[in-house]
Amino acid sequence: MRVPVIVNQVPHPPTASRTTVPSTATTIVAVHTALPPHRYAQDDLTERIGDLCLPPGADRAVLRRLHRSAGVRTRHLALPIERYAALGDFGQSNDAWLAAGLELGEEALTGALKKAELRPSDVDLLVCASITGVATPSLDARLVGRMGLRPDVKRLPVFGLGCVAGAAGLARVHDYLRGHPDDTAVLLTVELCSLTLQQRDDSRANLVAGALFSDGAAALVAHGGGSGDDSHSAGPDAAGPSVVATRSHLYPDTERLLGWDIGAGGFRVVIDPGVPGIVRDHFGRHVRAFLAAHGLTTDDIGTWVCHPGGPRILSAVTDTLSLPGDALDSTRRALATVGNMSSVSVLHILQNTWECRRPAPGTWGLLMAMGPGFCSELVLLRW
């Protein structure tokens with residue numbers, strides 16, 4: 001299926017000269033991931049998830065095959081696995097999301113601010129993304145008083161972006177900081193995917209979700225390019241990559257590829273098997289066009305930070321971009337060790353890339369994710 005594409009109309013450089021990092025670029029100064037304490041091997045979860053999702057006596061061959069092929073070895077869950085059967089309705093699941101989400105969100109935000117050598121009162125903008133629960137007041141509002149953020153902090157709760165929210169949230173933080181270059185902005189993502197698993201639902205989409213998704217939170221701290229003041233200065237070891245440019249893509253007539261059907265039971269996942277085909281048909285040329293607008297090619301990218309949508313998605317990305325076989329190893333390692341944490345994952349992978357395999361100064365990076373819409377988000381980085 002060939003799908004027309006709507007592309008954000010961002011002016012491109014008139015020539016293909018290499019982009020340099022502008023003085024007003026956003027600098028990422030810290031990323032921190034928080035994981036729930038309940039960690040399980042994939043093999044130990046398979047039958048327990050089967051007990052939740054399948055009717056008694058059902059054939060478990062498909063379930064077991066999906067768990068073996070998901071590329072996941074271990075995952076973290078918001079609750080001990082034995083507590084999920086007692087979640088009788090959406091209200092109970094959402095209450096569990098709120099309680100655990102606040103704990104993990106505070107842990108992630110506290111860790112990121114500590115790495116950046118900042119206080120909660122230094123934060124000027126807090127963007128908070130989650131697609132696995134709802135609350136009013138939102139998570140960010142509840143964290144302000146709980147953590148001592150300023151009463152006048154700007155807040156932006158985001159729902160509906162799903163897996164793409166880590167990349168899209170960073171892109172929107174960058175947009176904000178271009179207009180407020182002396183500010184400090186934080187992106188917080190909290191996803192407790194296990195709490196959306198539908199009991200007694202043996203649909204393939206629900207079983208795929210039960211094999212791939214996991215729980216966690218991540219916070220990213222960024223500064224604008226202004227001089228700032230002493231209260232907004234991070235330590236010398238905190239500075240990370242700069243955000244050079246971003247681009248969004250929305251694919252029309254693909255609304256049913258990925259998302260939720262929301263009903264009395266809560267969030268019932270929609271995952272269409274056609275997603276890898278869309279990636280193979282369109283994603284590569286969009287990435288190449290974005291890079292070409294900045295005088296770059298895929299060969300210039302030294303660090304790929306890709307959301308772990310699943311083995312088939314990663315194979316499609318590798319093929320359509322003609323990447324070396326090891327280019328997405330950091331993503332595959334993250335999928336194996338913590339599963340797919342929706343919007344949290346791409347920030348977790350960025351943190352691991354930064355702290356475990358720090359790229360050399362001057363290295364170009366591309367952070368990318370896809371999500372409901374169907375859409376994709378690209379963030380060009382320079383270390």
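Student: What covers the buried residues of α6?
Tutor: This is a predicted model. Helix α6 spans residues 204–212, and eight of its nine residues are buried, so the rest of the structure largely encloses it. The buried set is A205, N206, L207, V208, A209, G210, A211 and L212. The cover includes α1 (42–53), α2, β4 (74–77), β11 (266–271), α8 (311–321) and α9 (329–338).

Student: Is H67 buried or exposed?
Tutor: H67 sits in helix α2, residues 61–69. Buried means under 20% relative accessible area. H67 has 2% relative accessibility, so the label is buried.

Student: Which residues is H67 in contact with, leaving aside its neighbours within four places in sequence?
Tutor: α2 is among the elements that cover the buried residues of α6. G210 and A211 are buried residues of α6, and H67 touches both of them. With neighbours within four places in sequence left aside, the list for H67 is Q42, L45, T46, I49, R75, G210 and A211.

Student: What is the relative accessible area of F267?
Tutor: F267 lies in strand β11. That strand is among the elements covering the buried residues of α6. F267 is itself buried, with a relative accessible area of 4%.

Student: How many Å separate the C-alpha atoms of F267 and L195?
Tutor: Leaving aside neighbours within four places in sequence, F267 has contacts including F90, I131, F159, T196, Q198 and W260. L195 is 72 residues from F267 along the chain. Their C-alpha atoms are separated by 9.1 Å.

Student: Is C163 buried or exposed?
Tutor: Leaving aside neighbours within four places in sequence, C163 is in contact with F213, H307, N340, S342, S343, A369, M370 and P372. The burial cut-off is under 20% relative accessible area. C163 has 11%, so C163 is buried.

Student: Are α5 and α10 roughly parallel or roughly perpendicular?
Tutor: Helix α10 covers residues 343–356. The two axes come within 6 Å and cross at roughly 70 degrees. Angles of 65 to 115 degrees count as roughly perpendicular. The two helices are therefore roughly perpendicular.

Student: How many charged residues has the contact of α5 with α10?
Tutor: α5 contributes A165, G166 and A167, while α10 contributes S343, V346 and L347. S343 is also one of the residues in contact with C163. By class, the α5 and α10 contact has four nonpolar residues, two polar ones and, for charged residues, none.

Student: Is the crossing of α3 and α4 left-handed or right-handed?
Tutor: α3 (residues 90–116) and α4 (residues 139–147) have axes that come within 10 Å and cross at roughly 55 degrees. That angle makes α3 oblique to α4. The crossing is right-handed.

Student: How many charged residues has the contact of α3 with α4?
Tutor: From α3 come W97, L98, G101, L102, E103, G105, E106, L109 and T110. From α4 come L139, R142, L143, R146 and M147. By class, there are seven nonpolar and three polar residues, and the charged ones number four.

Student: How many Å apart are the end C-alpha atoms of residues 246–382?
Tutor: UniProt places "domain: Chalcone/stilbene synthase C-terminal" there, in an unreviewed entry. Over this stretch the chain is 39% helix and 28% strand. The end C-alpha atoms are apart by 12 Å.

Definitions and conventions. Residues are numbered from 1 along each chain as its sequence is written. This is a predicted model: local features need pLDDT of at least 70, side-chain atom pairs count only at pLDDT 80 or more; totals for chains, interfaces and linings use all residues. Side-chain values use heavy atoms; hydrogens and water are left out. Axes are lines fitted to C-alpha atoms, for helices over the stretch in contact, and angles run from 0 to 180 degrees between N-to-C directions. Helices (H or I, at least four residues) and strands (E, at least two) are DSSP runs, numbered from the N terminus. Angles under 35 degrees count as roughly parallel, over 145 as roughly antiparallel, 65 to 115 as roughly perpendicular and the rest as oblique. A crossing is left-handed if the near helix is turned anticlockwise from the far one by less than a right angle, and right-handed if clockwise. Contact means heavy atoms within 4.5 Å. Ala, Val, Leu, Ile, Met, Phe, Trp, Tyr, Cys and Pro count as nonpolar, Asp, Glu, Lys and Arg as charged, and the others, Gly among them, as polar. Buried means under 20% relative accessible area, exposed over 50%, partly exposed in between (1.4 Å probe, protein chains only). UniProt positions are given in the numbering used here, feature names are shortened, and annotations may be inferred rather than shown by experiment.
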